[in-house]
Amino acid sequence: MVCASAAGLLMGQAAHATTTCSTVRIVVPFPAGGAADQLARTVSQGLQQRRGATIVVDNKPGANGNIGIDAVRRAPGDGCTWLVVPAGNLTINPTLFPALSYNVPRDFRPVSLLASSPNVLAVHPSVKARNVAELVVLAKQAEQNKAPLGYASPGVGSGLHLAGELFRHRAGVAMLHVPYKGTTQAVNDVVGGQVPVLLGTWPTLAPFVQSGALRAIAVTQSKRSPAAPDVPSLAEQGMPGIDVSSWYALMVPSATPKPVADGLSADIHALFTTPTVRGDLQRQGLEPVASTPEALAARIRDETAAWATLIRTYHITAE
């Protein structure tokens, strides 16, 4: 069966690729239900129709995403294994985890940006804080009582973990990071009242905020997001300088031929111009943002350097 055949025009260049495999596997290195998983399933459905191929999503959670990522690193470069991965695993983990089994520029070939979404600082409804200032007061009181507020994230080294660390450093408070193996587990424990504060992506948190199971305090960026227009930004609440949103990328093993990656990138670009797919992603709280492989490579390189500086400045560790 032909599983990857593309002849597309992307940014003025033709890309031709043909590979043969029985099934295309999209690895998501986190559990089902999170934003990366939803995104991968939407992309798989769209490309399955476009390419006439069987495309399956394979969730491989564990070790902060490193198990799934390493599985793709070891996969053959035949165009049959793809990786949908959050930015943090590409741009933050290399600094936080110097002993990683993978090296991003050596082991992976960038294909395309896929989507971005706002990150949200949220609390359990029992928390007596409705804005950033009130949350800071509560955090300082908890610190004085030697019982620091806990904040949940989908894992050590995630962009949400770093957003939480930046928040507590800028606020001047001690907070306890409670990492999980994915956003779904983190949300479940905060909704259940086990942890009071949560950093999560809007696509995952939106239903809980809308039902009243969580209260959104702020988006962790400099201005409000069109995806969550009713949630004020950190900057407008007196905490500028934090601008951390989530974005997701499509990568393949480095041995994958460049024409194959270019053809897949062209297909993503074409897919995201269709109103149905764009609408599906936007309803999930995701903004589709296809790119060239070169643009993605540059973004990974630039953000890796920026995060390394912040991690060292604030002495953030993976502990």
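A residue counts as buried when its relative accessible area is under 20%, and in this predicted model 57% of the 319 residues of the protein count as buried by that definition.

With that in mind, we can look at the whole chain before turning to one part of it. The protein contains 12 helices and 13 strands. Its radius of gyration is 20 Å, which is close to the 20 Å that the globule rule gives for 319 residues, so the protein is as compact as a globular protein of that length. Along its principal axes, the C-alpha trace spans about 65 × 40 × 35 Å. If we take the contacts between residues that are at least 6 apart in sequence, 74% of them join residues at least 24 apart.

We can now turn to a pair of helices. Two packed helices are described by the angle between their axes and by the distance between those axes. Here the pair is helix H8, made of residues 183-191, and helix H9, made of residues 202-211, whose axes come within 10 Å and cross at roughly 25 degrees. Because angles under 35 degrees count as roughly parallel, H8 and H9 are therefore described as roughly parallel to each other. The crossing in which H8 passes H9 is right-handed.

Which residues in H8 and H9 meet? From H8 come Thr 183, Val 187 and Val 191, and these meet Thr 204, Leu 205 and Phe 208 in H9. Sorted by class, this contact of H8 with H9 has 4 nonpolar and 2 polar residues, with no charged residues.

Key:
Residues numbered from 1 in each chain as written. Predicted model: local features only at pLDDT ≥ 70, side-chain atom pairs only at ≥ 80, totals over all residues. Heavy atoms only, no water. Axes fitted to C-alpha atoms, helices over the stretch in contact; angles between N-to-C directions. Helix = DSSP H or I, 4+ residues; strand = E, 2+ residues; numbered from the N terminus. Parallel < 35°, antiparallel > 145°, perpendicular 65-115°, else oblique. Left-handed = near helix turned anticlockwise from the far one by under 90°. Contact = heavy atoms within 4.5 Å. Nonpolar A, V, L, I, M, F, W, Y, C, P; charged D, E, K, R; others polar. Rg over C-alpha atoms; globule rule 2.2 N^0.38 Å. Buried < 20%, exposed > 50% of the residue type's maximum accessible area, 1.4 Å probe, protein only.
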